[in-house]
Amino acid sequence: MNRILYIGTKNASSWALRAWLALREQGIEFEERLIDLRPPQRALDLAKVGDFSPPAAVPVLVDGGTVIFDSLAIMEYASDIGERPLLPADPRKRARARSLLAWMHSGLSGLCGRLSFESSFYPERRAMKPAEAQEAGRLLKVWNDELAASGGPYLAGDLSLADLAFVPVVRRLQAHEADASPWPLAETWMRRLMARPAVAEWMAEAERLPPVWLEDYAAPDLRSPG
Ligand SMILES: N[C@@H](CCC(=O)N[C@@H](CS)C(=O)NCC(=O)O)C(=O)O
């Protein structure tokens, strides 16, 4: 196999999930190599990634002689070389989808740092705090409005990179029982998205792994927005 995707531990690697999903949704074959993001192996494993990838982080796609070292770049590459483009052809719709992608990529909101991807796989999850529930509602409304404008069934009409980028966020909200009932389009979209075979496959594997415990779950801060 000439194409290798380096990913992190599946219940701790939300950025890698996005890249992995875009490749799988596009029917692009690749070999998967695992970087153990759990301490104490984490530092050593990431240092090895640093030998060939400037940020020493995952995901990294090595395709022949090309090293693509950011989830968004890998997603766009998958859209370019795969079965069909995963961004709308119409320039306005494309710009809108890319806005959602860029928003996610530049942090989205404090919510992701507070409700870590890791915590969404804990056997018991804490309740969302009122400010978190409010922020969840804000995101749900954004998705609902987007679906109303595009006509669905996905944010930009057909499945796009924007939907895939939000998968880890949807996972966090569902695991923490965000009430989506006031936003029925978003509620249906979340169910549809999470039922996609590639999404379900990653989540099933992640659920079988031992939890990756983070100390700041009960007393959250705003770091690590992935
Ligand atoms: N902007 C990067 C973020 C990648 C990232 O933060 N990856 C995490 C794991 S999901 C990582 O490797 N962290 C290790 C580190 O940054 O030291 C991307 O989208 O690919």
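Visitor: On what basis are residues numbered, and which pLDDT do local features need?
Guide: Residues are numbered from 1 along each chain as its sequence is written, and side-chain values use heavy atoms, with hydrogens and water left out. In this predicted model, totals for chains, interfaces and linings use all residues, side-chain atom pairs count only at pLDDT 80 or more, and local features need pLDDT of at least 70.

Visitor: What percentage of the residues of the protein chain count as buried?
Guide: Buried means under 20% relative accessible area, exposed over 50%, and partly exposed in between (1.4 Å probe, protein chains only). Of the 226 residues, the buried share is 50%.

Visitor: What is the strand order of the open sheet?
Guide: Two strands pair if DSSP finds at least two bridges between them. β1 and β2 pair in the parallel sense over five bridges, whereas β1 and β3 are antiparallel over four. Strands β3 (residues 60–63) and β4 are antiparallel over three bridges. The pairing is therefore mixed, by the DSSP bridge criterion, and the order is β2-β1-β3-β4.

Visitor: Which residue in β3 is the bridge partner of Arg3?
Guide: β1 is mostly covered, with five of its six residues buried. Towards β2, Gly8 stands opposite Ile35. In β3, the partner of Arg3 is Asp63.

Visitor: Which elements do the buried residues of α10 pack against?
Guide: In helix α10 (residues 197–207), the buried residues are Ala198, Val199, Trp202, Met203 and Ala206. They cover an arc of only 130° around the axis (taken from the directions from the helix axis to the C-beta atoms), which puts them on the same side of α10. The face turned away from that side carries the exposed residues Pro197 and Glu207. With contact meaning heavy atoms within 4.5 Å, the buried residues pack against β1 (3–8), α1 (14–25), α8 (167–175) and α9 (184–194).

Visitor: Is Glu25 buried or exposed?
Guide: Glu25 is found in helix α1. Not counting residues up to four places away in sequence, Glu25 touches Glu83, Arg84, Leu86, Leu159, Leu164, Arg196 and Ala198. Its relative accessible area is 10%, so Glu25 is buried.

Visitor: How far apart in space are Arg98 and Asp216?
Guide: Arg98 lies in helix α4 (residues 91–105) and, at 34% relative accessibility, counts as partly exposed. Not counting residues up to four places away in sequence, Arg98 touches Glu76 and Leu87. Arg98 and Asp216 are 118 residues apart in sequence, and their C-alpha to C-alpha distance is 32 Å.

Technical notes
Helices (H or I, at least four residues) and strands (E, at least two) are DSSP runs, numbered from the N terminus.
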